[in-house]
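Thank you all for coming.

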Amino acid sequence: MKKEIQFTPDLFLPAEDNFKDAEKIERPSISYWSVVWRRLKQNKLAMTGLAVIIILILFAVFGPYINKYAYDKPDWNEKNLWPDPKSWFGTKFRDIHWFGTDTLGRDIFTRAWHGARISLFIGFMAAITDFAIGVLYGGIAGIKGGKVDNIMMRIADILYSLPYMLMVILIMVVMGSGLWTMVFAMTITGWIPMARLVRGQVLQLKEQEYVQA
């Protein structure tokens, strides 16, 4: 037989008036960039890459000033020197050839970090340009849709199908060598993957119920 439930007055206590406490936010709100930084810290590979980039930037900025040698001034008396740690003792800090010298007597350490400046500048400028063009191009193609989308993406497909090295060589021949020529050559087709990604995301968002509403 089932046990009968005994109803006692303590089972019918009125609910407490705690509506304000129920609506109270117990934890402070977290901003978007705080969430991004927290997720970035959880990715060990991303943090390692970030640390390496920061170290490269610091050496690119301050590396050429660590010793007294210029990157473009040869010294025939000190050519083809090997980096010899034994010779560093008793030598002034700014007089040391940390990476040795080349066939013209130029300090390789200074030249390496001076070249890192140019490499980082080209890389960052190419990435920023690819991001800006890709987001704008892909966003327009995704929002417009229809014939505009088809025409824009077929143009992107044609550009992406061309051999990359051939385009770079042709651009260098036409425009000549230079810093901005290299940036332009790297970004001529580098924005297309970003445009495709943005277009896909925009097309997906367009079908969401809150957008249609």
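Let me begin with a question: in which helix does Phe 124 lie? Phe 124 lies in helix H4, where helices are DSSP runs of H or I with at least four residues, strands are runs of E with at least two, and both are numbered from the N terminus.

Residues are numbered from 1 along each chain as its sequence is written, and side-chain values use heavy atoms, with hydrogens and water left out.

The predictor's confidence in each residue, pLDDT, runs from 0 to 100; its mean for the protein is 85, and 92% of the residues reach 70 or more. Confidence is lowest in helix H1, residues 19-23, at a mean of 60, and highest in helix H3, residues 44-62, at 93. Where pLDDT is low, the predicted coordinates should not be read in detail.

Back to Phe 124, which counts as partly exposed because its relative accessibility is 40%; on this scale buried means under 20% relative accessible area, exposed means over 50%, and partly exposed is in between, with a 1.4 Å probe and protein chains only. Phe 124 belongs to a nonpolar patch on the surface, with members including Trp 37, Leu 50 and Ile 128, and with about 900 Å² of accessible area together. Such a patch is made of residues with over 30% relative accessible area and no salt bridge, nonpolar side chains being joined within 5 Å and like charges within 9 Å. H3 and H4 are the elements that give two or more residues to the nonpolar patch, and H3 gives the most, with seven.

The largest nonpolar core has eight residues, among them Tyr 137, Met 152, Trp 191 and Ile 192, a core being a set of buried Ala, Val, Leu, Ile, Met, Phe, Trp, Tyr and Cys residues joined through side-chain atoms within 4.5 Å. Helices H4, H5 and H8 each give two or more residues to this core, and H5 gives the most, with three.

Gly 138, found in helix H4, counts as buried because its relative accessibility is 0%. Leaving aside neighbours within four places in sequence, Gly 138 is in contact, meaning heavy atoms within 4.5 Å, with Ala 195, Val 198 and Arg 199. Gly 138 and Ile 192 are 54 residues apart in sequence, yet 8.4 Å apart in space, C-alpha to C-alpha.

Finally, the charged pairs. The count comes to five salt bridges, each a side-chain nitrogen of Lys or Arg within 4 Å of a carboxyl oxygen of Asp or Glu. Asp 157 forms one with Arg 154, the closest N and O atoms being 3.0 Å apart, and both residues lie in helix H5, about one turn of the helix apart. The side chains of Arg 196 and Asp 157 also meet in a salt bridge, at 2.7 Å from N to O. Arg 196 lies in helix H8 and Asp 157 in helix H5, so this pair ties together parts that are 39 residues apart in sequence. Through shared partners, salt bridges join Arg 154, Asp 157 and Arg 196 into one network.

Terms used:
This is a predicted model: local features need pLDDT of at least 70, side-chain atom pairs count only at pLDDT 80 or more; totals for chains, interfaces and linings use all residues. Accessible areas come from the Shrake-Rupley method with a 1.4 Å probe; for residues, only the protein chains shown count as cover.
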